[in-house]
Amino acid sequence: MILPIVLYGNPVLRKTAAEIDLKDESLKTFITDMFETMYHAEGVGLAAPQVGKSMRVFVVDSAPYKEIYPDHEPFKGAFINPTITDRFGEDVPFAEGCLSLPKINEDVIRKSDIHITYYDEKGEYHDCDINGILARIIQHEYDHLEGKVFTDNLSQIKKMVLKRQLNDIASGKVHPAYKTKK
Ligand code: ZN
């Protein structure tokens with residue numbers, strides 16, 4: 001089922017998301033719905049707060065980046081109760097966008113590498129280093145679980161420039177092609 005995507009301005013995007021009970025029977029269906037919603041909106045990542053659920057889970061499919069980065073090994077999966085325990089390597093700028101902030105694309109500087117622990121959709125625990133574009137997507141989605149959006153990482157000047165665009169989204173003036181809710 002395709003879920004409506006919450007847009008900038010909705011308070012759920014500002015909450016710190018809650019840990020998930022891994023035994024929750026509804027989790028599997030919810031993750032399936034999140035993937036379907038992400039593909040419908042042509043995203044590479046989607047976090048639960050973006051569909052109005054303040055829960056610590058996000059889904060990722062990096063396959064579209066295979067075209068830009070031929071060496072990239074595409075990854076598809078869910079990250080449940082993730083914790084980024086370290087960020088290291090180089091500072092890398094990259095133009096990010098977000099399904100909750102339609103039509104805004106800005107360079108965000110993030111670390112090239114992360115260390116993360118999480119459970120996948122099968123309930124298996126992972127403790128690993130991730131780098132490159134996948135580390136980028138994960139850091140973006142992880143921000144959503146912490147009540148942050150990618151524009152929070154920009155300079156004060158950039159934020160001022162974007163203020164009107166962000167206000168337009170918050171006041172319902174921006175209508176992307178996918179199903180949304182304010
Ligand atoms: Zn986002």
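I began with what the buried residues of helix α3 pack against, and found strand β5 (contact means heavy atoms within 4.5 Å; buried means under 20% relative accessible area, exposed over 50%, partly exposed in between, with a 1.4 Å probe and protein chains only). Helices (H or I, at least four residues) and strands (E, at least two) are DSSP runs, numbered from the N terminus.

A note to myself: this is a predicted model, where local features need pLDDT of at least 70 and side-chain atom pairs count only at pLDDT 80 or more, while totals for chains, interfaces and linings use all residues. Residues are numbered from 1 along each chain as its sequence is written, and side-chain values use heavy atoms, leaving out hydrogens and water.

Next I looked along α3, residues 156-170, and saw a bend of about 45° at Leu162 (the angle between axes fitted to the seven residues ending there and the seven starting there). Leu162, Leu166 and Ile169 are buried in this helix. After α3 comes Gly172, with a positive phi near 80°.

Then I turned to the rings. Which residues do ring pairs link into a cluster? I found Phe58, Phe75, Phe79 and Tyr118. Rings of Phe, Tyr and Trp (its six-membered ring) pair if their centres lie within 6.5 Å; planes under 30 degrees apart count as stacked, over 60 as edge-to-face and the rest as tilted.

I checked Phe79 and Tyr118: their ring centres are 4.2 Å apart and their planes at 40°, so the pair is tilted. Phe79 lies in strand β4 (residues 76-96) and Tyr118 in strand β5 (residues 106-119), so this pair ties together parts 39 residues apart in sequence. Both residues, Phe79 and Tyr118, are buried.
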